[in-house]
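Please open the model in your viewer and keep the selection panel at hand. The tour below moves from one selection to the next and says what is to be found at each.

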Amino acid sequence: MQNIEKTQFGEQTVSPLEKTSLVRGVFDSVADKYDVMNDLMSAGVHRLWKDRLIAMIRPQADESFLDVAGGTGDIAFRIRQKLGQQADINICDLNEQMLRVGRDRAIDRGWLNEFSWTTGNAENLPFPDNSFDVYTISFGLRNVTHIDTALAEVVRVLKPGGRFFCLEFSQVQNPYFARFYDVYSRFVIPEVGRIVTQNKDSYQYLIESIRKFPTAPSLCTRMQEAGFSSAKFTRLTDGIVAIHKGITPKS
Ligand SMILES: C[S@@+](CC[C@H](N)C(=O)[O-])C[C@H]1O[C@@H](n2cnc3c(N)ncnc32)[C@H](O)[C@@H]1O
């Protein structure tokens, strides 16, 4: 019997190709409202999580950066703000519409040629081996069809001793807060999505994809299996999100 691979798109079981195309559709449809929705859904807290990510990275001027699933540029812009004009910052995303919004936002800030923008899939990055010192992915990994393939790509494109940082939704630890968060995410977020973007399904997918994402310790294990020499995580806001950090082997 033929073994046809299936994967999850939120609660739906689909083929890997269908998933990639459905994810592209989600971000096509929300690109223009993506930033305002982030602020509404998190009451602005996503900004603090992203600031914390940058504080953990401590970007250095002689490092090269790759921000995958970089979308509208939030992480890249923060690195640029820290380092100034000489920074080598590359943004890669599956979705052309998200990158278009990102480029417009960069121009609004007066940054005309400060970033390199590339359309590409985290599972098959269009960059040579050993290219970057730091790889970041913020709220992107849970959308990727084959997480282990994407992690192997991180190890490939990072230089020896390179640093990987993943900011992603995780698991709330306190059971009382978890109950509140469950109700909020199940009912409030898709409804806000419907009102602001006229697209409830995309935000329904967001919630379902959060639930399907690996636990923080299991993502660490998968990073080690992908070839990282060290992997650890820090929970923020009682575990609503976690930042995973990995280092690639020195040689
Ligand atoms: C929730 S947004 C995050 C954007 C930005 N990093 C942030 O933190 O605000 C997720 C992004 O992941 C991108 N994405 C989804 N699957 C991807 C893949 N396989 N490879 C690269 N980017 C992907 C989407 O197009 C979208 O821009």
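A polar contact is here a pair of N or O atoms within 3.5 Å; within protein, one atom must be able to donate a hydrogen and the other to accept it, and residues adjacent in sequence count only if both atoms are side-chain atoms. The model is a predicted one, in which local features need pLDDT of at least 70 and side-chain atom pairs count only at pLDDT 80 or more, while totals for chains, interfaces and linings use all residues. Residues are numbered from 1 along each chain as its sequence is written, and side-chain values use heavy atoms, with hydrogens and water left out.

Begin with the ligand and select Ser138, whose side chain places an N or O atom 2.6 Å from an oxygen atom of the ligand. Of the ligand's own 600 Å² of accessible area (Shrake-Rupley method, 1.4 Å probe), the protein covers 98%.

Next, show the whole shell, taking a residue as near if one of its heavy atoms lies within 4 Å of the molecule. There are 19 residues around the ligand, and those that come nearest are Tyr34, Ala69, Asp93, Ala122 and Ser138. By class, the shell divides into 9 nonpolar, 8 polar and 2 charged residues, where Ala, Val, Leu, Ile, Met, Phe, Trp, Tyr, Cys and Pro count as nonpolar, Asp, Glu, Lys and Arg as charged, and the others, Gly among them, as polar.

Now select helix α4, residues 74-83; helices (H or I, at least four residues) and strands (E, at least two) are DSSP runs numbered from the N terminus. In α4, 8 of the 10 residues are buried, that is, under 20% relative accessible area, as against over 50% for exposed and in between for partly exposed (1.4 Å probe, protein chains only). The buried residues of α4 include Asp74, Phe77 and Leu83, and just after the helix Gly84 takes a positive phi of about 80 degrees.

Move on to Asp148 and Arg222, which form a salt bridge whose closest N and O atoms are 3.0 Å apart. Here helix α6 (residues 147-157) supplies Asp148 and helix α9 (residues 216-226) supplies Arg222, 74 residues apart. Asp148 is partly exposed at 40% relative accessible area, and Arg222 is likewise partly exposed, at 25%.

Finally, display strands β8 (residues 230-236) and β9 (residues 241-247), which run antiparallel and are joined by 7 bridges; two strands pair if DSSP finds at least two bridges between them. Within this pair Lys232 stands opposite Lys245 in β9. The hairpin has 4 residues between the strands, and in it Thr237 takes a positive phi near 50 degrees.

Key: Salt bridge = Lys/Arg side-chain N within 4 Å of Asp/Glu carboxyl O.
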